[in-house]
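Dear colleague,

Here is the structure I said I would pass on. My notes on it follow below.

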Amino acid sequence: MNFLSHFYFDRNSKDPHLVLGTILPDLVKNARKDWNLHPEKKIESYSSTVEHSILRGWRRHLAVDRHFHNSQFFKKHTHAIRDLIIPALKDSVVRPSFLAHISLELMLDSTLLTENHLDAEDLYVHLQQSDRALLQRFLEINNLDDTAHFFTFFEKFIQVKYLNSYRESQNLMYALNRICMRVWKDPLNETQIQNLSAILGEYHESLQENYMEIYDEIALVIDPLP
């Protein structure tokens, strides 16, 4: 799941560090794709409630992703999207399965916004309130080798508030293309982008009929907050 879908499950939390933890795995990967942290292996090194809250959020992120990626909802929709976009990706280096996966996640984030299940601004408020010094300590404990680079990315992520753009469906194709550009050089040409935009836009509309079933399903299996 993407940023807003992870936030959905803890949108009513009053703990900014737990909320930070729920999206921190994706923040780390977006800052630098070769970073791989395993903070659950360093539990004896955390000495503050803030660090333990971040860890709890991190674990919730992993639990949500694990259930989502093994759900029938995920399998059904990624297979359907993949089959639809294969012709549009002819002669492209982009893997249909990769694009289908990311497309579904962005569609879900967009729908949470447009159907008013949450406000992206609330997520940014939590991130702004987080303790930078203790976040840096958490990252250093986990051997993240360039915290300056991470915090440059982190502060820009908060400042730009890019997730608000997901309210407009036409922005999803732009976001998808940018994600592909992090993996492949020149992944999509203009014709492919236009064709994919039409296909995915139509699928996004059809998803409105049953999108909440995956959130309801995951809410039943992750640990409830106190």
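How do the residues of the lining of the second largest pocket divide into nonpolar, polar and charged? There are three nonpolar, one polar and four charged (Ala, Val, Leu, Ile, Met, Phe, Trp, Tyr, Cys and Pro count as nonpolar, Asp, Glu, Lys and Arg as charged, and the others, Gly among them, as polar). The lining consists of Arg56, Arg59, Arg60, Ala63, His67, Val221, Ile222 and Asp223. A pocket here is an open set of points on a 1 Å grid over the protein atoms alone, where a 1.4 Å probe fits, with protein on both sides within 12 Å along at least five of seven lines; lining residues have an atom within 4 Å of a point.

This is a predicted model, in which local features need pLDDT of at least 70 and side-chain atom pairs count only at pLDDT 80 or more, while totals for chains, interfaces and linings use all residues. Residues are numbered from 1 along each chain as its sequence is written, and side-chain values use heavy atoms, with hydrogens and water left out.

The second largest pocket holds about 160 Å³, and the largest pocket about 1,400 Å³ (the space filled by probe spheres set on the points, which are joined across faces, edges and corners). Lining the largest pocket are 38 residues, with Phe3, Asp26, Lys29, Asn30 and Arg182 nearest its centre. Of this lining, 22 residues are nonpolar, seven polar and nine charged.

As for the fold, the protein chain has 11 helices and zero strands (DSSP runs, H or I of at least four residues for helices and E of at least two for strands, numbered from the N terminus). Its C-alpha atoms fill a box of roughly 55 × 35 × 30 Å along the principal axes.

Regards
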